[in-house]
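The questions below ask what stands behind each label put on this chain. Each reply sets a value beside its cut-off.

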Amino acid sequence: MSRVECANTRRSYDAATRHFEIDWGEHLPTTADSVARYLADYSGALTLNTLKHHFAALATARCFHGVRSSRGGRPEAVLTSFSPAASPRRATL
C-alpha cells in the first residue's frame, strides 16, 4: 500500500470514528455491543459498504486502544446480520 493510500485510509477512518463519537455520541474505546447498536441505528441511512467501512475503522480504533475482540479475532461477525436488502442505498458520509 502506498503512502497516499495509507494517508487516505487514515483520514477516512478518522472521519468514521468522528461520526461515531460526535454524531452518535459514543466514545472510544467502546464495547462490541455499542458498535453493533451504532451499525444497526445507521443501517437505514448508510449503504452496506459504508457500514463495513465504519466497522473497519471502529475495529481498528478498538485495537489501537488495546481492546481485544470477544469473538476470537473475528470482529466482522457483528456484520452478519446486515444484508444489502436490509440496507437501502443512500448517500454516504
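Helices are DSSP runs of H or I with at least four residues, strands are DSSP runs of E with at least two, and both are numbered from the N terminus. The model is predicted: local features need pLDDT of at least 70, side-chain atom pairs count only at pLDDT 80 or more, and totals for chains, interfaces and linings use all residues. Residues are numbered from 1 along each chain as its sequence is written, and side-chain values use heavy atoms, with hydrogens and water left out.

Q: What makes up the pattern of the chain along the sequence?
A: The pattern reads α-α-α. The chain has three helices and zero strands.

Q: Why is His 54 called buried?
A: Buried means under 20% relative accessible area, exposed over 50%, and partly exposed in between (1.4 Å probe, protein chains only). His 54 has a relative accessible area of 5%, so His 54 is buried. This residue lies in helix 3 (residues 48-64).

Q: Why does Asp 14 count as partly exposed?
A: The relative accessibility of Asp 14 is 39%, and therefore Asp 14 counts as partly exposed. Its place is in helix 1 (residues 3-23). Asp 14 is 43 residues from Ala 57 in sequence, and their C-alpha atoms are 7.5 Å apart in space.

Q: What makes the pair His 54 and Tyr 38 a polar contact?
A: A polar contact is a pair of N or O atoms within 3.5 Å; within protein, one must be able to donate a hydrogen and the other to accept it, and residues adjacent in sequence count only if both atoms are side-chain atoms. The side chains of His 54 and Tyr 38 are joined at 2.7 Å.

Q: Which residues form the largest nonpolar core?
A: A nonpolar core is a set of buried Ala, Val, Leu, Ile, Met, Phe, Trp, Tyr and Cys residues joined through side-chain atoms within 4.5 Å. The largest one has eleven residues: Phe 20, Leu 28, Val 35, Tyr 38, Leu 39, Tyr 42, Leu 46, Leu 51, Phe 55, Leu 58 and Ala 61. Helix 2 and helix 3 are the elements that give two or more residues to this core. Helix 3 supplies the largest share, four residues.

Q: How do you know which form the peptide bond from Leu 28 to Pro 29 takes?
A: Omega is near -5 degrees, and the bond is cis. Most peptide bonds are trans. Pro 29 is found in the loop between helix 1 and helix 2 (32-41).
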